Amino acid sequence: KSFNPSFEDQTINNMMFYRNRLVFLSEQNVVTSNAGDYTNFFPSTALAVSPSDPVDLETNTNYSSTLHAGIEVNNALVIFGQYQQFLLTTDSDVFDSRTAKLSQLSTYEFDINSEPFIIGTNVGFMGPDKMYEMTNIFREGQIDVQEKSKLVFNSFGPGYSITDSAKDQTVVVMGSHGSKTLWLYKYFKQNSQEDVQSAWVKWEISNELVHHFFNKEDHFVV
């Protein structure tokens with residue numbers, strides 16, 4: 001039996017941290033390092049399973065789903081394929097190869113050139129020409145996904161894949177590479193399910209966008 005990680009000879013699409021482990025997304029697999037040992041992707045022994053051993057899981061659905069991005073929420077990791085979303089979590093206090101599970105959350109189209117972002121306590125993500133908000137993200141039960149860009153659907157177009165959010169400022173900024181237009185989504189929430197106020201604003205910048213990002217209270221545009 002080979003103990004090589006499944007990303008061997010495959011493309012690594014994204015990297016992130018979760019539960020003191022380095023996580024690689026490769027093809028249909030989620031591969032983590034050993035706990036606390038970020039460069040070690042091999043089990044300590046072939047004779048027994050250790051809680052610190054790496055985790056290597058493959059998505060099991062009726063459709064092929066290459067994984068592209070992920071974001072941590074509550075005590076789980078939401079992982080995005082182009083047409084499916086998954087939840088990496090555990091029912092145990094210890095996250096290891098024996099207790100980890102990867103379950104399907106939803107089947108929305110995700111812009112693979114973008115990254116998911118935080119909207120309050122929820123998760124936002126971009127479709128090809130839409131912005132969605134995912135709520136009720138728990139280990140069990142049905143999640144909710146709402147299209148938040150429906151109010152500006154006639155003006156909002158494809159390609160807004162350069163996204164960043166500032167939780168303290170309650171704002172999300174979306175841009176398209178080479179465009180002079182930025183979209184801002186401003187929100188104020190009563191709780192995770194209820195928006196007290198929300199608004200869309202379009203900014204025109206003087207030159208074509210390369211990148212933008214938040215640093216604490218400041219928003220930088222390149």
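**Exercise 1. Locate Thr181 and state whether its side chain is buried or exposed.**

Step 1. Thr181 belongs to strand β15, residues 181–189; strands here are DSSP runs (E, at least two residues), and helices are H or I runs of at least four, numbered from the N terminus. The model is predicted, so local features need pLDDT of at least 70 and side-chain atom pairs count only at pLDDT 80 or more, while totals for chains, interfaces and linings use all residues. Residues are numbered from 1 along each chain as its sequence is written, and side-chain values use heavy atoms, with hydrogens and water left out.

Step 2. Thr181 has 13% relative accessibility and therefore counts as buried (buried: under 20% relative accessible area; exposed: over 50%; partly exposed: in between; 1.4 Å probe, protein chains only).

Step 3. Beyond its neighbours within four places in sequence, Thr181 is in contact with Tyr160, Met174, Gly175, Ser176, Lys202, Trp203 and Glu204 (contact: heavy atoms within 4.5 Å).

Step 4. With Glu204, a polar contact of 3.1 Å runs from side chain to side chain (N or O atoms within 3.5 Å; within protein, one must be able to donate a hydrogen and the other to accept it, and residues adjacent in sequence count only if both atoms are side-chain atoms).

**Exercise 2. Describe the surroundings of Tyr83.**

Step 1. Tyr83 sits in the loop between β6 and β7. Its relative accessibility is 47%, so Tyr83 is classed as partly exposed.

Step 2. Not counting residues up to four places away in sequence, Tyr83 touches Ser106, Thr107, Tyr108 and Glu109. Tyr83 and Glu109 are 26 residues apart in sequence, with their C-alpha atoms 4.4 Å apart.

**Exercise 3. Give the strand order of the open sheet of 4 strands and identify its edges.**

Step 1. The order is β5-β6-β7-β8, with antiparallel pairing (two strands pair if DSSP finds at least two bridges between them).

Step 2. β5 and β8 are the edge strands, each pairing on one side only.

Step 3. β5 and β6 pair over 6 bridges in the antiparallel sense. Glu72 stands opposite Leu77 in β6.

**Exercise 4. Classify the ring pairs Tyr18–Phe95 and Phe213–Phe220.**

Step 1. The count is 17 aromatic pairs (Phe, Tyr and Trp rings, the six-membered one for Trp, with centres within 6.5 Å; planes under 30 degrees apart are stacked, over 60 edge-to-face, the rest tilted).

Step 2. Tyr18 and Phe95 have ring centres 5.3 Å apart and planes at 80°, so this pair is edge-to-face. Tyr18 lies in β1 (residues 12–18) and Phe95 in the loop between β7 (85–90) and β8 (100–106), 77 residues apart. Both Tyr18 and Phe95 are buried.

Step 3. Phe213 and Phe220 are stacked, at 5.3 Å centre to centre and 15° between planes. Phe213 is partly exposed at 31%, and Phe220 is partly exposed at 37%.
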